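Colleague: I have a model open and would like to learn how to read its features. Could you take me through it step by step?

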Amino acid sequence: MTRLTNWLVQTALPPLVLFALVLLAWQGIVTWFEIKPFLLPGPLGVAATIRDSAGRLTQALLFTGAAALCGFGLSLLVGTLVAFAFSQSRILRTSGYPYAIFLQTVPVVAVAPLIVLWLGYGFQSVVVVAFILSLFPIITNATAGLLTIDPDLVDLFRLNNASRWQVLWKLRFPNAVPAICVGAKTSSGLAVVGAIVGEFFAGYGTKQFGLGYLIRAATDGFQSDALFAAVLMSTLLGIAIFGVVTLTGAAILARWYDGPVEHRR
């Protein structure tokens, strides 16, 4: 059995089988109890809605995906730079860390109207919401990775008169790469959530819209089948982005280290 076949059987097959069983149970409950479609549509009804609205859902998926990726990319860049700064100064770290926690704990529904007021409706406001929601995991994980250094290695660099920049770039940053990859995986999922929530408040309008806009429109119109279709597409988008980030991180770590990643963690 090849490695790919082994991975498919052990990793991909169990959740797919479980998903098929859930769909069968869902359809059976809807048919057996004759539940009205506006209360709970069956999987076949949701599939029919996806088929009939494929173009509209695809357009929304692309807009939401673009906003989530932009927000995630910004959070990865800004979060890593902030972690660099935190690792260089205890005063800066103790002064700035509470504000990083503020970004994680502040209710997005309270901030989103202000973002719309400052930036207006549209793509840019959705990206900012996704950025705010996905920034904190990058900062915390990258900072922890930069600070968790073997003291003997730090002494070795000092004995060789290494500059602060050399210690940061050649010692702290390589040590922080696994932690940054872990933070990126968490942040990628939050970026999708942030993009969808941002579209609730700063949607693109009737010509350009994302999945959040469709979810809100379906909720307001009591269109349960359209709501389930939009939620399903949102879930698939989150899984796709998380999968790409996970595979990218695994590829980076495989090139970064000689041995298997699991043996290094």
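**Reading the model**

Modeller: Buried residues (under 20% relative accessible area; exposed means over 50%, partly exposed in between, with a 1.4 Å probe and protein chains only) make up 37% of the 265 residues in the protein chain. This is a predicted model, in which local features need pLDDT of at least 70, side-chain atom pairs count only at pLDDT 80 or more, and totals for chains, interfaces and linings use all residues. Residues are numbered from 1 along each chain as its sequence is written, and side-chain values use heavy atoms, with hydrogens and water left out.

Colleague: How many helices and strands are there in the protein chain?

Modeller: Helices (H or I, at least four residues) and strands (E, at least two) are DSSP runs numbered from the N terminus. Here the protein chain has 11 helices and zero strands. Its C-alpha trace spans about 75 × 60 × 30 Å along the principal axes. Taking contact as heavy atoms within 4.5 Å, 74% of the contacts between residues at least 6 apart in sequence join residues at least 24 apart.

Colleague: Now the packing. At what angle do helix 6 and helix 8 pack?

Modeller: Two packed helices are described by the angle between their axes and the distance between the axes. The axes are lines fitted to C-alpha atoms, for helices over the stretch in contact, and angles run from 0 to 180 degrees between N-to-C directions. Helix 6 (residues 123-147) and helix 8 (residues 164-202) pack at about 155°, their axes 6 Å apart. Angles under 35 degrees count as roughly parallel, over 145 as roughly antiparallel, 65 to 115 as roughly perpendicular and the rest as oblique. Helix 6 and helix 8 are therefore roughly antiparallel. By class, their contact has 21 nonpolar, 10 polar and two charged residues. In these classes, Ala, Val, Leu, Ile, Met, Phe, Trp, Tyr, Cys and Pro are nonpolar, Asp, Glu, Lys and Arg charged, and the others, Gly among them, polar.

Colleague: And how do helix 5 and helix 8 cross?

Modeller: Their axes come within 9 Å and cross at roughly 55°, which makes helix 5 oblique to helix 8. On the helix 5 side, V108, V109, A112 and V116 meet V197, F201 and A202 of helix 8. That contact has seven nonpolar, no polar and no charged residues.

Colleague: Which residues make the contact between helix 5 and helix 6?

Modeller: First the geometry: helix 5 (residues 108-119) and helix 6 pack at about 145°, with their axes 9 Å apart. Helix 5 contributes V108, V111, I115, V116 and L119, while helix 6 brings Q124, S125, V128, V129, I132 and L133. By class there are nine nonpolar, two polar and no charged residues.

Colleague: How many aromatic pairs are there?

Modeller: Rings of Phe, Tyr and Trp (its six-membered ring) pair if their centres lie within 6.5 Å; planes under 30 degrees apart count as stacked, over 60 as edge-to-face and the rest as tilted. The count comes to seven aromatic pairs. W26 and F228 form a tilted one, 5.4 Å centre to centre with 40° between the planes. W26 lies in helix 1 (residues 3-32) and F228 in helix 10 (residues 224-256), so the pair ties together parts 202 residues apart in sequence. F228 counts as partly exposed, at 30% relative accessibility. Separately, F84, W165, W169 and F173 form one aromatic cluster.

Colleague: Is R164 buried or exposed?

Modeller: R164, found in helix 8, is exposed, with a relative accessible area of 57%.
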